[in-house]
Amino acid sequence: MTSIDIPGYRPGTYVLDPSHSEVTFSVRHMMISKVRGTFGVKSATLTAPENPLETTVEASVDVSSVDTKDEGRDQHLRSADFFDTENFPTMDFVSTGARAENGELFVDGDLTIRGITKPVSFEVDFGGFGSDPWGNYKAGASAKAVINREDFGLTWNAALETGGVLVGKDVTINLDLQAALQQD
């Protein structure tokens, strides 16, 4: 498919509204449950031309903002065992394309964590478009991707006496985003 029709779509440059956006993740813990956390979005810009499938996205997340509701674990995640935030303060995404398949929308791109860049595809669910009470035109969307953390050098783990490991390999990333169309 070379183009799609999205009701309310307006071309232009959209800038993320961090107060109405969230990046969350979940990963298996001890093979029996999931740990969930959030990151603060540093910036995101979506450039939307006439054809929505030609849209480009650039986003950056402040990795030191990781919050799993356990300060000890968060400090460990910031350390060289995991994100090494002293040397790699951001996680970055640059889109390489968008596509529609079987009624689903995907944004493909390069995700960089710890200086390692790998391709990833986010499945996107548009929430829609609309004007807020102050005349700003907004776009809302959710997106989801699953990555193997070890592909990005996040290999720390601990074996469990009962078998298995402390931290799973697959990490689910969820995005809930709102952005404002910039006025010329």
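Author: Let's begin with the largest pocket: the largest share of its lining, six residues, comes from β2. Strands are DSSP runs of E with at least two residues, helices runs of H or I with at least four, numbered from the N terminus.

Reader: Before we go on, what am I looking at, and how are residues numbered?

Author: This is a predicted model, so local features need pLDDT of at least 70 and side-chain atom pairs pLDDT 80 or more, while totals for chains, interfaces and linings use all residues. Numbering runs from 1 along each chain as its sequence is written, and side-chain values use heavy atoms, without hydrogens and water.

Reader: Great. What volume does the largest pocket have, and which residues lie nearest its centre?

Author: The volume is about 410 Å³, and of the 24 lining residues, Phe25, Val27, Leu77, Phe82 and Val167 lie nearest the centre. The elements giving two or more residues to that lining are β2 (22–29), β3 (33–48), α1 (71–78) and β9 (167–181).

Reader: How many cavities are there, and what makes a cavity rather than a pocket?

Author: One cavity of 30 Å³ or more is counted. On a 1 Å grid over the protein atoms alone, a cavity is a set of points where a 1.4 Å probe fits but cannot get out; a pocket is an open set with protein on both sides within 12 Å along at least five of seven lines, and lining residues have an atom within 4 Å of a point. Points join across faces, edges and corners, and the volume is the space filled by probe spheres set on them.

Reader: How much space lies in the largest cavity, and what lines it?

Author: The largest cavity holds about 690 Å³. It is lined by 35 residues, with Leu46, Val57, Ala143, Leu175 and Leu177 closest to its centre. Strands supplying at least two lining residues each include β4 (56–67), β5 (90–101), β7 (116–131) and β8 (137–148).

Reader: Switching topic: which residues of α1 are buried, and what do they pack against?

Author: Asp74, Leu77 and Arg78 are buried in α1, and the buried residues of this helix pack against β4. Buried means under 20% relative accessible area, exposed over 50% and partly exposed in between (1.4 Å probe, protein chains only).

Reader: I was eyeing serine 60. Buried or exposed?

Author: Serine 60 is buried, at 9% relative accessibility, and sits in strand β4. Setting aside neighbours within four places in sequence, serine 60 is in contact (heavy atoms within 4.5 Å) with Val41, Lys42, Ser43, Thr90, Met91 and Asp92.

Reader: And where does isoleucine 113 lie?

Author: Isoleucine 113 lies in strand β6, and with a relative accessible area of 3% this residue is buried. Beyond neighbours within four places in sequence, isoleucine 113 touches Phe83, Met91, Ile147, Phe152 and Leu154. Leucine 154 is 41 residues away along the chain from isoleucine 113, yet their C-alpha atoms are separated by 8.8 Å.

Reader: Last one, on the backbone: what about phi of lysine 69?

Author: Phi of lysine 69 is near 70°, a positive value in a residue other than glycine. Most residues other than glycine have a negative phi. Lysine 69 lies in the loop between β4 and α1, and is exposed at 82% relative accessible area. Arginine 114, also not a glycine, has a positive phi of about 55°, and is found in the loop between β6 and β7.
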